[in-house]
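User: I'd like to learn how to read a protein model feature by feature. Could you walk me through one?

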Amino acid sequence: MAESDVTTVGSRVWLVKGSPDDLTPATVTQCDGVEVVYQTDYGEEQRMWMNEIDPNQVKPMNGVLLQGVEDMAKMTELNQASILCNLNTRYQQNEIYTYIGSILISVNPYKRLHDLYDEKTLARYTNKDLGEESPHVFAIANECYTCLWKREESQCVLISGESGAGKTEATKFILKFISNISRQRSGKVEEENGKSIEKSILESGPVLEALGNAKTVYNNNSSRFGKFVQLLISESGQIKGGRITDCILAKHRVVRQNPGERNYHIFYQLIQGATPEQRDRLFLMEPGEYHYLNQSGCVSDPTLNDAEDWAALEQALNVIGFKDGQKQDMMSVLSGILHLGNVSFMNAGGAQVVDTDVIDRTSQLLGIDSERLEAVMKERTMKLRGENITSPQSIDQACDSRDSIAMAVYSQLFRWIISKINHRIKGPDDFYFIGILDIFGFENFKINRFEQFCINFANEKLQEFFNRHIFSLEQIEYNKEGIDWCDVEWADNSECLDLVEKNLGLMSLINEESRFPKGTDKSLLNKLHNQHAKNQFYVKPRVIGLEFGIKHYAGEVMYNVTGFLEKNRDTFRDDLLGLL
Ligand SMILES: Nc1ncnc2c1ncn2[C@@H]1O[C@H](COP(=O)(O)OP(=O)(O)OP(=O)(O)O)[C@@H](O)[C@H]1O
């Protein structure tokens, strides 16, 4: 296509609004010789008299952008507008992947694109140099794989993006590609054993998703934990084993969810998928009858089939090698957690359990003594001069203890399952590995709580790593090799991270206030405001309420401090389990 002018119908142009960098892509939709109508890509219409068109306000779009550019590192005009415009042009052509150098940008199509991940495509990207074929997640996987030998060191794929961007799906495609190439390298003798380890690694996906993913308002299969999957590769190129490292599972979801969101998938899957005998043994009821599932007003999602997913989970557990007894124990613990949530309290000189049958069922399912369980929730025991002093708890405190136990039990179950998977897939560590890091994405809701604070902090850290890797370390390397380069300006987020994690930073103030017996969310907020109001990355709202804000690399997020101290304390409370 020829370079467009700015008045011919169909031409693509940039409309300049305000500063020269503030560009909006638009198309000429009408021109009668007197007036020109521009339709922006964002749905707005702008009219101009032909004789008043200012070349500084309307610019023809560069020809290459009209078709879309596969590698944006090759674009002469590289700014936010041209990047977005190029991604949009390609997206309209069902090209969801675009490179910027060796970085792959993926736009979530939210629909299955024909042939994009089939056998033929797998073959097309195998053993090719990066850039030889059009951009694809398989090309990145292939590059990682071949770099094990080219660079003689382990490789890592870092996947980042906001919640719902497609990180977990990308992780699965990378695993699929590497497992396919590994299979091709298999010698006959090793084939059987290798196949089962590789299958177990692939099947760990549905297990981890059932336990660690949940429906949120952004994504109906949102990861609420981070994972680092390592594939151990042999010198001859086969997957010989793997390792999964999890980080910060959002435990609070087990006991409370925001409106329209759900608890972890596995609870609903168990209820919908259990056989009648299992239902009886586990005292299962409908989701709406459990306090831990009915608070958000959402127990199902039309795009999720819990019964089918339960069947897939059972099959995955079988492939990984979970024994029947272990699966039954897992189900009992899950049902035990649900029943624990239904334990309620009344006031009679301190918290008393309303219905002891619920406690009995819970303790039977969790395999613990019912009197001990009741006592841990009703009473608080402190050691004073070597003596144990017991005092009754209020209803709120008892509910708090109940929820802490539920969260701790769930997180232990999660850990236990990951350790079982790791035991199954462990392999020799004598060559290099390919690591894939997939963590929960950046979030900015109407109301953001402690969970979002932790998630966004993790993403901010990841961004720092990315910046260091792409910009700082690269520039150091250029200097070392005496390569002539001009300074690249990049948004350094280290000061924002200092605000959160340095001495007297937000994190340490939250920890300090959590240890303070008289600390409240309000007193925490005052301390945060007093200490950091002048920090350029901190936002102190003009009207003082319950919020403070952080100017993250991905945008400003306001956090509501309600529950900050309670949730932060919960992270230290796994030791409650030790009491049982
Ligand atoms: N390449 C793709 N093709 C088709 N659909 C996709 C693709 N990537 C993602 N999706 C769709 O988008 C949904 C969200 O993707 P995914 O769960 O991978 O997001 P995420 O970035 O991991 O989110 P979170 O941070 O919340 O875990 C998927 O359930 C799927 O429906």
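Analyst: Let's go through it from the whole chain down to single residues. Keep in mind that this is a predicted model.

User: Okay, overall picture then. How many helices and strands does the protein chain have?

Analyst: The protein chain comes to 19 helices and 20 strands. Its C-alpha trace spans about 85 × 70 × 50 Å along the principal axes. Of the 580 residues, 34% count as buried. For the contacts, look at sequence separation: among those with a separation of 6 or more, 63% are between residues 24 or more positions apart.

User: Next, domains. Where do they run along the protein chain?

Analyst: Domain 1 covers 1-86, domain 2 is made of 87-246 + 429-438, and domain 3 covers 450-570.

User: Now the ligand. Which residues are closest to it?

Analyst: The shell around the ligand holds 20 residues, and the closest are Gly-166, Glu-169, Ser-222, Ser-223 and Gly-441. Two elements give two or more residues to that shell: α5 (167-185) and β10 (222-223). The largest share, three residues, comes from α5.

User: Let's do a helix. What should I look at in α15?

Analyst: The general idea first: an α-helix has 3.6 residues a turn, so residues three or four places apart point the same way. Now the case here. Helix α15 (residues 450-480) has 31 residues, and from its first C-alpha to its last it reaches 43 Å, close to the 45 Å expected at 1.5 Å a residue. There is a bend of about 35° at Arg-468. Past the helix comes Gly-482, whose phi is positive, near 70°.

User: Which residues of α15 are buried?

Analyst: Phe-450, Glu-451, Gln-452, Phe-453, Ile-455, Asn-456, Asn-459 and Glu-460.

User: You mentioned a positive phi on a glycine. Which residue has a positive phi although it is not a glycine?

Analyst: Asn-127 is one of them, with a phi of about 60°. Asn-127 lies in the loop between α3 (119-125) and α4 (137-150). Glu-152 also has a positive phi, about 50°, and is not a glycine either. Glu-152 sits in the loop between α4 and β8 (155-159).

User: Why does Asn-127 count as exposed?

Analyst: Because Asn-127 has 11 C-beta neighbours inside 10 Å, and 12 or fewer means exposed. Glu-152 is exposed too, with 8 other C-beta atoms within 10 Å.

User: One last try. Is Glu-52 buried or exposed?

Analyst: Glu-52 is exposed, since 9 other C-beta atoms lie within 10 Å. The loop holding Glu-52 runs between β4 (45-49) and β5 (58-60). Glu-52 and Glu-35 are 17 residues apart in sequence, and their C-alpha atoms are 9.4 Å apart in space.

How values were computed:
Residues are numbered from 1 along each chain as its sequence is written. This is a predicted model: local features need pLDDT of at least 70, side-chain atom pairs count only at pLDDT 80 or more; totals for chains, interfaces and linings use all residues. Helices (H or I, at least four residues) and strands (E, at least two) are DSSP runs, numbered from the N terminus. The expected span of a helix is 1.5 Å times one less than its number of residues. The bend at a residue is the angle between axes fitted to the seven residues ending there and the seven starting there. A residue is buried if 20 or more other C-beta atoms lie within 10 Å of its own, exposed if 12 or fewer, and partly exposed in between; C-beta atoms are placed from the backbone. A residue is near a molecule or strand if its C-beta atom, placed from the backbone, lies within 6 Å of it. Two residues are in contact if their C-beta atoms, placed from the backbone, lie within 7 Å. Domain bounds come from an automatic or database domain assignment.
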